[in-house]
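User: Hello! I am new to this structure and would like to learn how to read its features one at a time. Could you guide me?

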Amino acid sequence: MKSSFREFVKTGRGKLTVALCALGVSWLFLLWQFSGSFAGLMPSEDRISNIEREIKQLKQQNTQLRSRKKANDELKKLYLSRLEGYWNEERDGAVDTELRNRVQQAAREVDLKLNTLGSVRVSPINSELYYAEIDLSTSGPVETLVHFLGKIQEISPKLAWRRLELRPDAGRNAESPGSLVLNGAIRVIGFDKNEADSSGGAK
């Protein structure tokens, strides 16, 4: 029988049979050897649940970050739009001289004499913005003062009254019984473009 098996192995069919058997044994050995590793490659239900939880948390964080970015973008857009209404020396001239000139021009246009007009004071708000203020006093008929206030309102960039006091003019040189004395302080917000560009505030 051994002789018959040997003869069979020598044939092509026998060689193929032996090769297939050897291959089968090799596969069985590999499966047995690495069965533990293969089992570790398949995630457990707990692991799958943890991964799903992590994915959900990441999605929530991503949504929150997108919302924050949108809010920041809208805030930056609002800030940049408001900068257009602030005093910019490149566009409006030196604030310490030009602000004074514009107030004087408003008084001249309504034939109002300013009793006092102080120098412009500049106070920083932050690295980019500042206040520029100027004190003034005058007196005249109500109608003239109303026109003067209207002229101040027309000045661009917009000016604001930080302080405004009106009282009857009881002086001897009052133009009429209806004359008023006006004391006030005018303020404008200024924008330092060079500071903003260096800090990346406005692009």
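Predicted model: local features only at pLDDT ≥ 70, side-chain atom pairs only at ≥ 80, totals over all residues.

User: Where is aspartate 92 placed, and does it count as buried or exposed?

Analyst: Aspartate 92 belongs to helix H4, which covers residues 89-92. To judge burial, compare the relative accessibility with the cut-off: buried means under 20%. Aspartate 92 counts as buried because its relative accessibility is 9%.

User: Let me step back to the whole chain. How many helices and strands are there?

Analyst: The protein chain has seven helices and five strands. Read from the N terminus, the order is α-α-α-α-α-β-β-β-α-β-β-α. Buried residues make up 24% of the 203 residues.

User: Which residues touch the most other members of the largest nonpolar core?

Analyst: A nonpolar core is a set of buried residues of nonpolar kinds joined through their side chains. The largest one here has 23 residues, and Leu99, Val103, Phe148 and Ile152 touch the most other members. Two or more residues come from each of helix H5 (95-109), strand E1 (114-117), strand E3 (129-140), helix H6 (142-154) and strand E5 (180-191). H5 gives the most, with five residues.

User: What is isoleucine 152 in contact with, beyond its neighbours within four places in sequence?

Analyst: Isoleucine 152 is in contact with Val103, Ala106, Leu159, Trp161 and Ile186, once those neighbours are set aside.

User: Now a polar example, please. With which side chain does the side chain of arginine 121 make a polar contact?

Analyst: The partner is the side chain of aspartate 135, at 2.9 Å. To read such a pair, look at both sequence and space: arginine 121 and aspartate 135 are 14 residues apart in sequence, and their C-alpha atoms are 9.1 Å apart. Arginine 121 lies in strand E2 (residues 121-124) and counts as partly exposed because its relative accessibility is 33%. Setting aside neighbours within four places in sequence, arginine 121 is in contact with Tyr131, Ala132, Glu133, Asp135 and Arg162.

User: And the rings: how many aromatic pairs does the structure hold?

Analyst: The structure holds zero aromatic pairs. A ring can also have a charge over its face, and here arginine 187 lies over the face of tyrosine 131, at 3.8 Å from the ring centre.

Definitions and conventions. Residues numbered from 1 in each chain as written. Heavy atoms only, no water. Core = buried A, V, L, I, M, F, W, Y, C linked by side-chain atoms within 4.5 Å. Buried < 20%, exposed > 50% of the residue type's maximum accessible area, 1.4 Å probe, protein only. Helix = DSSP H or I, 4+ residues; strand = E, 2+ residues; numbered from the N terminus. Contact = heavy atoms within 4.5 Å. Phe/Tyr/Trp six-rings, centres within 6.5 Å; stacked < 30°, edge-to-face > 60°. Lys NZ or Arg CZ within 6 Å of the ring centre and 35° of its normal. Polar contact = N/O pair within 3.5 Å; in protein donor to acceptor, adjacent residues only side chain to side chain.
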